[in-house]
Amino acid sequence: MKIADFTEEHEMFRQTVRRFVETEINPHVEEWEAQRIFPAHELFKKMGNLGLLGLTYPEEYGGGGVDYWYQVVLLEELGRADCAGVPMAIAVQTDMATPALAEFGTHEQKQKFLVPAISGDAVFSIAVSEPDAGSDVAAIRTRADSDGEMYVINGSKMWITNGTQADYLTLLARTSGEHGYRGMSLIIVPTDTPGFSVSRKLEKMGNHSSDTAILSFDNVRVPKANRIGPEGQGFILQMKQFQRERLAGVLMSISGMERAIRMTIDYCRQRKTFGKPLIENQWIYFRICELLTEVEALRHLTYHCVRELLAGEDMTREVAMAKLKAGRLAREVADTCVQFHGGMGYVEEYPIARYFRDARLLSIGGGADEIMLGIVAKYEGILPER
Amino acid sequence: MKVVVCTKQTPSTTAVFTVDANGHVSWDDPGGKPNIVNPWDEYAIEEAIRLKENHGATDAIALTVGSEESKDALKTCLAMGCTEAILVSDSAFDGSDTVGTARVLAAAINKIGDVQIAVFGNRAIDGDTGLTPVQVARKLGWTPLTYVSAIKEISNGQITVERLLDDGKETVTAPLPVVISVVKEINEPRYPSFMGIRKANRATIPVWTAADLEVDGATGAEAAKVNWGHVYAPPPREGSVEIIEGETIEEKVRKLVDKLFEEKVI
Ligand SMILES: Cc1cc2nc3c(=O)[nH]c(=O)nc-3n(C[C@H](O)[C@H](O)[C@H](O)COP(=O)(O)OP(=O)(O)OC[C@H]3O[C@@H](n4cnc5c(N)ncnc54)[C@H](O)[C@@H]3O)c2cc1C
Ligand SMILES: Cc1cc2nc3c(=O)[nH]c(=O)nc-3n(C[C@H](O)[C@H](O)[C@H](O)COP(=O)(O)OP(=O)(O)OC[C@H]3O[C@@H](n4cnc5c(N)ncnc54)[C@H](O)[C@@H]3O)c2cc1C
């Protein structure tokens, strides 16, 4: 189907990303999943060389300087990969750890940090969540205390994607004694700073190819010059950055769902029960069509968000709706696809088992379903006062 | 030193074809683009770009004789890193056979001027004759070097290449200018980068017509010595599957052997 927002050039770019996924990611997925990590530096450098890591960022810093529809193409094609772990790790670099830097960083900060993020010479993590603060970002406890021109950071971060191999963290920490969402700042932390350590790599249910870590900060000293934006504005900047993170998650999930459904159609064509292919059972083909319908509806809600965001509208409510729907639909798709694969859906020989594990994350990461519901409720004016 | 890479647009490798009663062929690719750069040519394009990067060629020019739609394939060449792309298109060339096509390509290469190496893919996945490169060489009076798997050296007006043959490799040297056709062992083609795609879409691709060229010899359907008399889809294969039933393996094998005798297979 032809979508008006994509030009010939976008489509040509799509071919490049598709090929990149087919030749540089898919052949290694089994190995990376088994190793519970992928070589981020190596892969990101290849992507940087092709200009894939900073499509929407200014050309001055090595970016592409183009509209967000290119990013849509990139994310959609990444979402088609044979696993969700590597695409998620890439999206951390492009859509989760760097948007605030690109939008609110100073020229010097962008020279120093954004340039290597775009060229693929540095790997980034976004470090917000903590052992005691995931959904409730305002409850974070990691502190960055002032000491002259330096911050002294103490605390810990949890579930940090790319955490064992990152060169830089975009860290949210408290820079004043105030409570709640006040008094936080976003700070770029080089991981070779003394006092920083990776406490542990987490063993996860899915997204095996992506490394997720608990990080620890013990008097980590970084220059105040590494703070993005004014002191105390970190929470607001991060909320803005979350919007892009959510949109990225949704876009990758849509093509992922489509891939899972198509794999299931193929399987049901081949598999015969009671003397006929599975696909010829009305329950099965109707159900598949229902799911495709919902995926299509979600896709267009998401494209609507992109269009309006590009026009400068506040789409917080709609992006939250899309994220909520994507998380739930991915679970439904994964469950149905495994079901129609029967026993084969439960063994590792078929990729649908991995999809089932990987798809579960979307309803939790980047703000859980319930947090999305809270955002929608707030915009509807029906969220009770706390 | 200029390098030209001759390339054509072909149906995609996953395209689905239909042949109508009049032998008219059409195709579409539900999962992607119906037309692509001839896959063999990607190696030729890559090698032309490398000749520029590593052997001091000043230009790597992509050249196609074809319809207006072939501009898409030429854009891919530019996106990969060719410095220029030229489309030769004229109804006078429609329906040419390989000799006719070679005449046009040779005339275009002459018009470009100062070309030392014309690079081709080994064959095209649709026409699949593999004849075009040698016929262009013949027309230009240049040395054809086929099945090239490596360019070893270019110096003092000579080129040394390795050729990959069925039984081994050979290294040959020839005076420039030459026509080379390459095999896929020669390199690993790069993908168009994002920057390349941007540049390619801003570039204008000149279109040369018959009036711009001095084509030596006849072209077009009338002049084609090889006529596509009858084009048709092969009839679907007929056959059936029979599963041999039996209590034991021995019984099944006995039945199978009987059957094979019966059908005169053995
Ligand atoms: C694989 C993976 C990768 C991750 N990568 C990163 C990363 O790179 N950087 C980073 O900072 N974080 C990362 N996270 C953390 C992620 O953002 C959090 O796990 C998520 O925000 C949920 O927080 P939590 O785990 O603390 O859940 P909790 O806050 O403890 O919530 C538990 C559950 O309770 C429910 N809930 C919570 N609040 C409410 C409420 N108000 N009303 C009703 N129900 C509620 C929700 O269902 C929620 O899932 C990652 C997580 C995973 C699993
Ligand atoms: C509408 C139509 C009608 C035709 N009618 C006839 C006909 O009546 N009789 C007949 O014999 N053939 C006919 N042809 C086929 C045509 O002659 C061949 O496609 C063409 O000459 C190339 O031969 P090939 O495909 O075998 O390429 P090959 O020789 O296998 O290709 C080798 C190399 O030459 C390059 N090359 C081939 N063609 C071109 C080109 N046009 N521009 C630049 N590089 C090129 C390829 O890209 C490849 O790198 C027709 C083609 C079309 C599209």
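Colleague: Why is helix 3 of chain B called oblique to helix 4 of chain B?
Modeller: In this predicted model, the axes of the two helices come within 8 Å and cross at roughly 55°. Axes here are lines fitted to C-alpha atoms, for helices over the stretch in contact, and angles run from 0 to 180 degrees between N-to-C directions. Angles under 35 degrees count as roughly parallel, over 145 as roughly antiparallel, 65 to 115 as roughly perpendicular and the rest as oblique, and helix 3 of chain B is therefore oblique to helix 4 of chain B.

Colleague: What is the hand of the crossing of helix 3 of chain B and helix 4 of chain B?
Modeller: The crossing is right-handed, a term used if the near helix is turned clockwise from the far one by less than a right angle, with anticlockwise giving left-handed. The helices themselves are DSSP runs (H or I, at least four residues), and strands are runs of E of at least two, both numbered from the N terminus.

Colleague: Which residues make the contact of helix 3 of chain B with helix 4 of chain B?
Modeller: Among them are Thr98(B), Val99(B) and Ile109(B) of helix 3 and Thr132(B), Val136(B) and Leu140(B) of helix 4, where two residues are in contact if their C-beta atoms, placed from the backbone, lie within 7 Å. The residues of this contact divide into seven nonpolar, four polar and two charged; Ala, Val, Leu, Ile, Met, Phe, Trp, Tyr, Cys and Pro count as nonpolar, Asp, Glu, Lys and Arg as charged, and the others, Gly among them, as polar.

Colleague: What surrounds ligand 2?
Modeller: 35 residues surround ligand 2, and the closest are Asp97(B), Gly121(B), Gly127(B), Thr129(B) and Thr132(B); a residue is counted if its C-beta atom, placed from the backbone, lies within 6 Å. Helix 3 (98-112) and helix 4 (132-140) of chain B are among the elements that give two or more residues to this shell, which divides into 14 nonpolar, 14 polar and seven charged residues.

Colleague: Turning to chain A, why are helix 10 and helix 12 of chain A called roughly antiparallel?
Modeller: They pack at an angle of about 150°, with their axes 9 Å apart, and on the cut-offs already given helix 10 and helix 12 of chain A are therefore roughly antiparallel to each other. Their crossing is left-handed. Arg317(A) and Leu324(A) of helix 10 and Met372(A) and Tyr379(A) of helix 12 are among the residues that make the contact, which by class has eight nonpolar, two polar and four charged residues.

Colleague: How many residues surround ligand 1, and which are the closest?
Modeller: There are 23, the closest being Val128(A), Gly134(A), Ser135(A), Thr161(A) and Glu370(A). Strand 1 (124-127), strand 3 (150-161) and helix 12 (369-380) of chain A each supply at least two residues of this shell.

Colleague: From which domains of chain A does the shell around ligand 1 draw at least three residues each?
Modeller: From domain 2 (125-231) and domain 3 (236-380), with bounds that come from an automatic or database domain assignment. The centres of these two domains, taken over C-alpha atoms, are separated by 30 Å.

Colleague: What conventions stand behind the numbering and the confidence limits?
Modeller: Residues are numbered from 1 along each chain as its sequence is written, while chains are lettered from A and ligands numbered from 1 in the order in which they are written. Because the model is predicted, local features need pLDDT of at least 70 and side-chain atom pairs count only at pLDDT 80 or more, whereas totals for chains, interfaces and linings use all residues.
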